[in-house]
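Welcome, and take a moment to look over the sequence and the model before reading on. We will walk through a few places together, step by step.

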Amino acid sequence: METVRKKDIRALSLEDLRDFFVNNNDKSFRGNQVYQWLWKKGIHDFEGMTNLSIETRSLLEEHFVINNIAIDRQQKSKDGTLKNAVKLFDNLIVESVLIPTATRTTACVSSQVGCSLDCKFCATASIKRMRNLNIDEIYDQVVAMDKQSRYYFDRPLSNIVFMGMGEPLMNYKNLMGSIAKITQSDGLGMSPSRITISTSGIPKMIKKLADENVKFGLAVSLHSARQEVREQLMPFAEKFPLTDLADSLKYWYKATSSLVTYEYVVWKDINDKQEDIDALVKFCMHVPCKVNLIEYNPIGDDTFKQADTTQVEKYQKALERVRITATIRRSRGKDIDAACGQLANKTKGLSS
Ligand code: SAH
């Protein structure tokens, strides 16, 4: 119990750490040393901070904890994709996925335990949102997968996508905090251009991102450019109409000059008609964009079925006619429930 009451030291900024040492009659510089251990060197206990005196280490023990994540279970897909069940300090579990290709290794990261949105086709939506992940819990998933990438594929992580469990823009502060750590030289030092945030499309938050002039990529889970169809797929979209979404994307593009990626699944008898295709083509005129036509990953419900390949190809051709790149994406890690929308803690319980 004692440990839970102490504050996690990684919730402190560099300034907070420097102040802590000054308030404890030490040099502010000590804060920089600790910060480096925590974020650059990835040390997970005070004992390991070997350039600090024993007194300083016990002072830290007395005041703080370091709540580490633990990889509770790892599954490997036939295609090489690795899924991690990540156990948090309070025993909750999220999942993260490492996806290797010939040239890249991409980490798919979770931002919340469960999700507060209600996309009908997504397995994560069946778990209610239990809490937001902290900065360090997001960051640690990336660090763990960077190590896995080096170990299994002999190369560092090349890309990060916030496409795991949760809606990243509903955990905005910690999302931004974790990206700061991922990109800063005192952290992983990765380029922001290698990071993509995937959002279900919350206009106000997209504008906020634009205002911060971020340098990472934005993907929007569109799935339909017809308001009435989108609302059936994603009921929360009633509050965020496509007109507002389009406005926010124009705002985003104006501020960042960065094109938007639309994620789009084509389902049989739901959004596979010509009028659906026409609506998407029209929506794509709002801002420079590309479209990822992603394969549907069944979540054990008969409502949704992947559309016929010919219909998906019709989408692709219609988009290419107006010079919009449309890629048909095959799923990865489907056999271990690691593909888009399949993260639902089926391994839950193994840890307890
Ligand atoms: N909350 C974020 C990240 C979620 S998952 C978002 O909504 O963008 C990443 C992508 O997988 C999203 O585009 C999501 O719509 C899609 N997805 C969800 N369930 C899926 C499923 N069963 N099959 C294929 N894609 C799915």
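A residue is called buried when its relative accessible area is under 20%, exposed when that area is over 50%, and partly exposed in between. Keep in mind as well that this is a predicted model.

You can find D90 in the loop between β4 (82–87) and β5 (93–100). The side chain of D90 makes a polar contact of 2.7 Å with the side chain of R131. Look also for N67: 23 residues separate it from D90 along the chain, and the C-alpha atoms of the two are 9.1 Å apart.

Now turn to strand β11, which spans residues 217–221. Is this strand mostly covered or mostly open? It is mostly covered, with five of its five residues buried. In a regular strand, side chains alternate between the two faces of the sheet. Here both faces are covered: G217, A219 and S221 are buried on one side, and L218 and V220 are buried on the other. The chain reaches β11 from β10 by way of helix α7 (residues 203–211), and this β-α-β crossover is right-handed.

Which strands pair with β11? Strand β10 (residues 195–199) runs parallel to β11, and four bridges join the two. One place to look is T199, whose bridge partner in β11 is V220. Strand β12 (residues 260–265) also pairs with β11 in the parallel sense, again over four bridges. In that pairing, E263 of β12 stands opposite S221.

The ligand is surrounded by 20 residues, and the closest are F121, S198, S221, H223 and N297. Several side chains place an N or O atom by the ligand. For H223, such an atom is 2.6 Å from an oxygen atom of the ligand. For E263, the distance to a ligand oxygen atom is 3.2 Å. In the case of E167, the ligand atom is a nitrogen, at 3.3 Å. How much of the ligand does the protein bury? Taken alone, the ligand exposes 530 Å², and the protein buries 97% of that.

Next, the cysteines. A disulfide is a covalent bond between the sulfur atoms of two cysteines. To count one here, the two sulfur atoms must lie within 2.5 Å, and by this rule the count comes to zero. For C108, the nearest cysteine sulfur is that of C340, 6.7 Å away, and C108 is in no disulfide. C340 is in no disulfide either, and its nearest cysteine sulfur is that of C108. With a relative accessibility of 8%, C108 counts as buried, while C340, at 43%, counts as partly exposed.

N25 is not a glycine, yet its phi is positive, near 55°. N25 lies in the loop between α2 (14–23) and α3 (29–40). Its relative accessible area is 77%, so N25 is exposed. N213 likewise has a positive phi, about 50°, although it is not a glycine. With a relative accessible area of 40%, N213 is partly exposed.

Key
Residues numbered from 1 in each chain as written. Predicted model: local features only at pLDDT ≥ 70, side-chain atom pairs only at ≥ 80, totals over all residues. Heavy atoms only, no water. Buried < 20%, exposed > 50% of the residue type's maximum accessible area, 1.4 Å probe, protein only. Pairing = 2+ DSSP bridges. Right-handed = clockwise from strand over helix to strand, strands pointing away. Polar contact = N/O pair within 3.5 Å; in protein donor to acceptor, adjacent residues only side chain to side chain. Near = heavy atom within 4 Å. Areas by Shrake-Rupley, 256 points an atom, 1.4 Å probe, with all protein chains shown as cover.
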